[in-house]
Amino acid sequence: MDDPNLATWLGDLQEASFSKGGAVRTAYPPERRLTGPQLAVYLARRSYALASTTRADGRAHAAPTLFTVHAESFWLPTLGNAIRLRNVQANPWLALSVLEGEHETHAAVLTEGPAEVLTTAPTEVLDLTEQRNNGGTLDWATAWLRMTPHRLFSFAEHAWRES
């Protein structure tokens, strides 16, 4: 991915997230974090994430989802009757986990923020998401979730390599 604005935004978001302190700074040391350009490439080549929401009764709910990053938001196509839609309406917050590899070759990007339910997405998001879906139609996507991340963290083991 050659979008310097995306790489800058992701890098800045991650830096702001880590600057707020907490145990995550120790668990994810600076030398193991992906750079802004690495984050942009990583997220461009990963099509699916694990989306986590909270049910109205407080129980956790997690499910895999197709995603697209556009205009400083994560866009998730979904069915209009999906549990995650009711969850976000009741508790408007979403966490995404994008993982790959195992043991010494694994990498992860974790992000979270407020989310909203939409009935449609901008044409550019639709086009990008269809491309990410191997050209498959999104006729099934009767609703969308848009998450505007407040936090983003990344980690890559030493043996992880960009593809």
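**Notes on the aromatic pairs and the nonpolar cores**

1. Three aromatic pairs turn up in this structure, which is a predicted model. Let me walk through two of them, then turn to the cores.

2. The Y42 and W160 rings meet edge-to-face, because their planes stand at 65°, with the centres 6.1 Å apart. Y42 belongs to helix α3 (residues 36-45) and W160 to the segment after β8 (151-156), so this pair ties together parts that are 118 residues apart in sequence. Y42 has 1% relative accessibility and therefore counts as buried; W160, at 7%, counts as buried too.

3. For F67 and F74, the ring centres are 6.0 Å apart and the planes make an angle of 35°, so this pair is classed as tilted. Both F67 and F74 are buried.

4. The charged end of R132 sits over the ring of F67, 4.7 Å from its centre. Over the face of F18 lies R33, at 3.4 Å from the ring centre.

5. Now for the largest nonpolar core, which has 31 residues; L43 and F74 are the ones that touch the most other members. Helix α1 (residues 4-19) supplies the largest share of this core, with five residues.

6. What does L43 contact, leaving aside its neighbours within four places in sequence? The partners of L43 are L10, F67, V69, F74, V98, V109 and R132.

7. Finally, a separate core of eight residues lies apart from the largest one, and its members include A121, L138, A141 and W144.

Conventions
Residues are numbered from 1 along each chain as its sequence is written. This is a predicted model: local features need pLDDT of at least 70, side-chain atom pairs count only at pLDDT 80 or more; totals for chains, interfaces and linings use all residues. Side-chain values use heavy atoms; hydrogens and water are left out. A nonpolar core is a set of buried Ala, Val, Leu, Ile, Met, Phe, Trp, Tyr and Cys residues joined through side-chain atoms within 4.5 Å. Buried means under 20% relative accessible area, exposed over 50%, partly exposed in between (1.4 Å probe, protein chains only). Helices (H or I, at least four residues) and strands (E, at least two) are DSSP runs, numbered from the N terminus. Contact means heavy atoms within 4.5 Å. Rings of Phe, Tyr and Trp (its six-membered ring) pair if their centres lie within 6.5 Å; planes under 30 degrees apart count as stacked, over 60 as edge-to-face and the rest as tilted. A charge sits over a ring if NZ of Lys or CZ of Arg is within 6 Å of the ring centre and within 35 degrees of the ring normal.
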